[in-house]
Amino acid sequence: MTFGRQPRLPRPRRRGLPAPRPAATPRAVPRITGPGRGGGGRFRGRGPFRRGVAKTRTRTVLALATLLAVVCGMLLDGYLHAEVGNDARVHRSHPSQSVPDRLRHGGPVLTFDRDGRATEHTIPSRTVALTFDDGPDPRWTPEILAVLRKHHVPGTFFVVGQMVVRHPELVRRMRQAGHEIGVHTFSHVDLSYQGQGRIDRELAQSQLALAGAAGITSSLFRAPYASKVRALDDRTWPVQRHIGAKGYISAFVDADSEDWQRPPVKEIVQNATPHGSQGASVLFHDAGGNRSRTVRALDRYIGRMQHKGYSFTTVTGALGARSANHGAGAVRVWQGRTLIWAAALTQAAMPCLTGLLGLVGAAVAGRLLMMVGFASWHHHSRARRRYRVVQQVDDPVSVIVPAYNEKECIANTLTSLAASTHPIEILVVDDGSTDGTADIVEAMGLPNVRVLRQPNAGKPAALNHGIAHARHELIVMMDGDTVFEPTTIRELVRPFADARIGAVAGNAKVGNRNRLIGAWQHIEYVMGFNLDRRMYDLLRCMPTIPGAIGAFRHRAVLDAGGMSADTLAEDTDITIALHRAGWRVVYQEHARAWTEAPGTLGQLWKQRYRWSYGTMQALWKHRRSIVDRGPSGRFGRVGMPLVVLFQIVTPLCAPLIDLFTLYGVVFLDPVRSLLAWGALMLVQLLGAAYAFRLDRERCRALLVLPLQQIAYRQLMYLVLLHSCVTAATGALLPWQKLKRTGEVDSQRAREAVR
């Protein structure tokens with residue numbers, strides 16, 4: 001038996017009522033053994049099962065790595081769009097006492113020797129070095145390149161590293177056309193506000209981007225927000241000296257076209273024209289906004305200057321020096337390519353994540369509104385007189401309690417059953433307990449209680465054992481850590497007055513809700529499980545009868561093939577099988593059971609991991625219901641898509657809401673981000689308050705709802721992701737016995753709601 005690929009099963013068939021047998025003779029139920037969900041059982045498999053267990057830690061790491069990859073992708077995308085680590089400060093003029101006067105009144109190019117002494121260089125007469133800042137831009141850089149190609153002139157492009165990583169193909173086009181490329185930092189920050197560490201990172205990252213894009217490095221540099229050399233002051237001069245000491249050539253300008261202010265084309269041309277026959281380094285921009293006027297002005301400017309006898313060259317070409325661009329080493333090239341590939345992957349994924357975020361937000365809100373709407377409909381339909389006076393069912397009931405090492409809880413469970421107002425027999429199926437559970441039951445000496453002992457075989461086998469020995473047609477199944485109210489069974493079996501009903505799901509509640517983890521699960525049970533069941537009840541596609549409280553017709557269980565060990569979610573498995581066999585499954589909210597929820601995060605993880613993985617197994621096992629006809633097809637085309645959407649896909653993607661909120665608060669607009677998150681939280685709070693009102697629960701438990709949505713949602717995401725990885729690898733998963741404390745009993749359960 002494997003849990004990765006389920007065997008192809010035939011469609012369940014309706015079978016007639018079996019021939020009556022003497023009460024002492026066990027009924028015929030398929031003998032099925034293996035691990036189950038809930039009461040007990042130790043798996044004794046070998047081979048692939050043990051290998052599957054050994055890989056659990058690897059899958060956990062993979063699940064965490066997936067979450068980390070999403071976070072890193074968001075941060076990388078934000079960094080490449082100047083959202084992460086952005087510093088928009090731009091310094092104003094300062095005194096220039098430390099700057100040599102000869103430099104402030106000299107040429108636009110500075111070089112530094114090993115001793116830190118600066119030398120200024122001028123552009124020869126009738127020579128223009130066209131420079132372009134802030135690119136490359138996918139909209140305007142190609143048009144700039146087209147103008148330069150039209151006039152057969154070179155240019156020098158001072159590129160921003162973020163733009164290079166996002167558009168590496170444009171840098172390659174620049175190199176192929178013979179243009180020179182300089183560094184304009186990685187994120188276009190004012191370096192006068194940055195420490196030397198940040199300056200070095202800006203340069204190193206820019207070089208890495210150039211290496212990955214075009215296989216080059218550059219020793220030519222222009223600082224952001226710097227134009228003419230006379231603007232050097234006591235704040236920017238130390239930056240220039242630090243950069244010069246690293247071997248960079250600093251390029252300023254003689255003429256600034258001021259195209260960034262978008263003046264008329266004629267004015268741009270005038271601003272870029274040097275006086276007389278002087279040479280000039282001229283500044284244009286090929287990014288940073290609408291550059292249509294820049295493109296038109298550049299075309300006119302080049303023609304005008306060529307008519308005046310000017311020649312065009314690069315910055316280093318004007319100095320008679322070799323190109324500032326050099327081939328990068330192989331290691332640096334591959335590092336740069338890795339950065340560019342990661343950025344490309346991120347840029348492709350982020351629109352998908354953003355769209356997915358919208359779908360998830362709509363799904364979360366839509367699910368909640370749909371559940372509230374159906375719950376209201378369900379509540380009002382149940383409140384009608386014809387439902388309240390439905391025929392009372394007085395048939396005796398067999399209560400089956402599978403138990404494996406339940407010494408802490410079993411006494412409370414049986415005491416609550418002994419107080420039932422409905423005639424019952426109790427069958428405690430001891431599944432090879434080693435803690436004396438069966439002895440405790442026998443020592444209690446309660447009437448109508450039978451103890452059935454069997455070697456450890458798992459919960460499904462224990463339930464089948466109990467079904468085979470049940471004396472009555474109506475059967476109630478519960479867990480050994482659950483307590484019932486005196487009227488629970490009477491309320492639970494009332495729907496069986498309708499002969500079409502094959503099973504009834506009860507209202508499971510968290511009994512140990514005084515601690516934070518229990519309070520989180522309390523909200524989930526009321527808002528998620530029970531509100532969901534009202535919706536599924538109306539749609540006639542109930543996906544799960546909780547193992548803590550469920551009632552069945554014996555005929556229906558036989559029609560469904562008995563309790564199966566094919567999955568870890570035998571309750572979901574039997575529920576779907578009942579639908580496929582043509583029986584109706586309904587929800588009875590007035591039949592309440594109090595169960596002990598996991599008290600630690602580790603225990604909660606184990607339980608939910610098993611639940612989610614078992615649900616996936618059950619859906620896969622019954623996948624053919626999608627194409628079936630009749631009741632089976634109804635569940636397959638209505639219930640199964642809802643379960644996949646609301647119990648797997650939406651929870652798996654829901655953490656995107658918190659991630660994008662956190663991202664927006666830290667890097668974008670904190671007010672708008674928090675308002676959007678708060679609006680969604682308000683919708684959930686209102687839905688939860690309505691669910692609590694329907695279940696007659698106190699709303700003060702909702703005080704922990706925001707924390708539950710933040711912390712609990714991430715835990716459930718990891719559990720689901722872990723389960724998906726396990727399902728994808730086809731590994732086996734053991735049933736793991738949860739540690740119980742026995743703190744839930746009838747008296748404490750009643751006190752919890754007072």
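At a relative accessibility of 15%, Q194 counts as buried, a word used here for residues under 20% relative accessible area, whereas exposed means over 50% and partly exposed lies in between (1.4 Å probe, protein chains only). Q194 belongs to the loop between β5 (180-183) and α7 (196-214), where helices (H or I, at least four residues) and strands (E, at least two) are DSSP runs numbered from the N terminus. A polar atom of the Q194 side chain lies 3.5 Å from the backbone oxygen of D190. The model is a predicted one, in which local features need pLDDT of at least 70 and side-chain atom pairs count only at pLDDT 80 or more, while totals for chains, interfaces and linings use all residues. Residues are numbered from 1 along each chain as its sequence is written, and side-chain values use heavy atoms, with hydrogens and water left out.

Helix α4 (residues 141-151) packs with helix α6 (residues 168-176) at an angle of about 10°, and their axes are 11 Å apart; axes are lines fitted to C-alpha atoms, for helices over the stretch in contact, and angles run from 0 to 180 degrees between N-to-C directions. That angle makes α4 roughly parallel to α6, a description given to angles under 35 degrees. The contact (heavy atoms within 4.5 Å) is made by T141, P142 and L145 of α4 together with L170, R173 and M174 of α6.

The largest nonpolar core, which has 68 residues, is a set of buried Ala, Val, Leu, Ile, Met, Phe, Trp, Tyr and Cys residues joined through side-chain atoms within 4.5 Å. Among the residues with the most contacts inside this core are I467, M535, Y536 and F552. Leaving aside residues up to four places away in sequence, F552 touches residues including E473, M477, F496, I545 and L578. Apart from this core lies another, of 52 residues, among them V159, F186, V295 and I340.

Key
Polar contact = N/O pair within 3.5 Å; in protein donor to acceptor, adjacent residues only side chain to side chain. Parallel < 35°, antiparallel > 145°, perpendicular 65-115°, else oblique.
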